[in-house]
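Here is a short report on one chain.

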Amino acid sequence: MTETTIHTIETAPDAAIPLLEGSVKAFGSIPNLHGVMATSPALLEAYKELSRLAMTTGFSPEERTVIWMTVNVANHCHYCVPAHTGIAKREKVSNDIIDALRDEMPLADAKLETLRGFTLALRDNHGRPSADDLATFRSAGYDDKALQDLLVIFAQKVLSNYTNALFETPVDGMFQPFAWQRRAAAE
C-alpha cells in the first residue's frame, strides 16, 4: 500500500478543485476514490470522463454491470465491488445477477454469461482473446462497436481498480453495506 491523501476541496491541487466540485454536485459529497485521485488531476479527469462515456455505450444497465463487476472481481477491487453493487441496485439490476457476479458464478442469462466470459478472456489474455472467444462473443449478437465500447468500460475499471489497490481507498459509508471479500474457493 502507498500512503496518500484523500483530498477535499480545501486540500486538493487547484486543477482538481472543479472536478471535486462536480463530484459534490453529482453525489452530494466527494467519493473517497475521487478524493484519492485528486492528487493527480489528470487521473481524476480521465476517470470521470471514462465514467461518463461508459454510460453512453450501447450496453444496457445489466450489461454494464456485468462488465464492471467482472473486471472488479477479477482485479479483487475491495472498493469497486461494493460501489458497483450499490450502482447496480440503483439501476434495478436483479439481485441474482449481482450476487452471481460477486460470487464469480455463471449467469443464468446466456447472452450476459457470454459477455462475462468474454470480459474475463479479454482481461486474462491482456487484450488478446482467442478466435473461439471472439466467435462466441459475436454469435451472442455483439459486434465491433460492442468490442470497442467494452474497452471504454474496461479502461475506466483499470484506472479505479489499480488506484484502489495502490492506495487501499476506504469504502464510502453508503457502499459499506455491500462490502465484499473474494471467496476463498475462487482463489
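## Burial and overall fold

A residue counts as buried when its relative accessible area is under 20%, and as exposed when that area is over 50%. By this cut-off, 44% of the 187 residues of the chain are buried. The model is a predicted one.

The chain holds 9 helices and 0 strands. Its pattern along the sequence is α-α-α-α-α-α-α-α-α. The radius of gyration is 17 Å, close to the 16 Å that the globule rule gives for 187 residues, so the chain is as compact as a globular protein of that length. The C-alpha trace spans about 50 × 35 × 30 Å along its principal axes. Take the contacts with a separation of 6 or more: 67% of them join residues 24 or more positions apart.

## Two domains

The chain divides into domain 1 (14-54) and domain 2 (58-178). Their contact takes 13 residues from domain 1 and 17 residues from domain 2. The C-alpha centres of the two domains lie 21 Å apart.

## The largest pocket

Which domains supply the lining of the largest pocket? Domain 1 and domain 2 each give at least three residues to it. The volume of this pocket is about 610 Å³.

The lining comprises 25 residues. Nearest the centre of the pocket lie Phe27, His34, Tyr47, Ile87 and Arg90. By class, the lining has 14 nonpolar, 6 polar and 5 charged residues.

Five helices each supply at least two lining residues: α1 (17-27), α2 (32-37), α3 (41-54), α5 (80-90) and α9 (144-167). Which helix gives the most? That is α5, with 6 residues.

Helix α6 covers residues 95-102. Its buried residues are Ile97, Ile98, Ala100, Leu101 and Arg102. An α-helix has 3.6 residues a turn, so residues three or four places apart point the same way.

What do the buried residues of α6 pack against? Their partners are α4 (61-74), α5 and α7 (110-124).

Lys92 sits in the loop between α5 and α6. Its phi is positive, about 65 degrees, although Lys92 is not a glycine. Is Lys92 buried or exposed? Its relative accessibility is 71%, so Lys92 counts as exposed.

Glu104 follows α6. It lies in the loop between α6 and α7. The relative accessible area of Glu104 is 25%, so Glu104 is partly exposed.

## In brief

The chain has 9 helices and 0 strands, and it is divided into two domains, domain 1 (14-54) and domain 2 (58-178). Both domains contribute to the lining of the largest pocket. The loop between α5 and α6 holds Lys92, and the loop between α6 and α7 holds Glu104.

Methods. Residues are numbered from 1 along each chain as its sequence is written. This is a predicted model: local features need pLDDT of at least 70, side-chain atom pairs count only at pLDDT 80 or more; totals for chains, interfaces and linings use all residues. Side-chain values use heavy atoms; hydrogens and water are left out. On a 1 Å grid over the protein atoms alone, a cavity is a set of points where a 1.4 Å probe fits but cannot get out, and a pocket is an open set with protein on both sides within 12 Å along at least five of seven lines; lining residues have an atom within 4 Å of a point. Grid points are joined across faces, edges and corners, and a volume is the space filled by probe spheres set on the points. Helices (H or I, at least four residues) and strands (E, at least two) are DSSP runs, numbered from the N terminus. Ala, Val, Leu, Ile, Met, Phe, Trp, Tyr, Cys and Pro count as nonpolar, Asp, Glu, Lys and Arg as charged, and the others, Gly among them, as polar. Domain bounds come from an automatic or database domain assignment. The radius of gyration is taken over C-alpha atoms; the globule rule is 2.2 Å times the number of residues to the power 0.38. Buried means under 20% relative accessible area, exposed over 50%, partly exposed in between (1.4 Å probe, protein chains only). Contact means heavy atoms within 4.5 Å.
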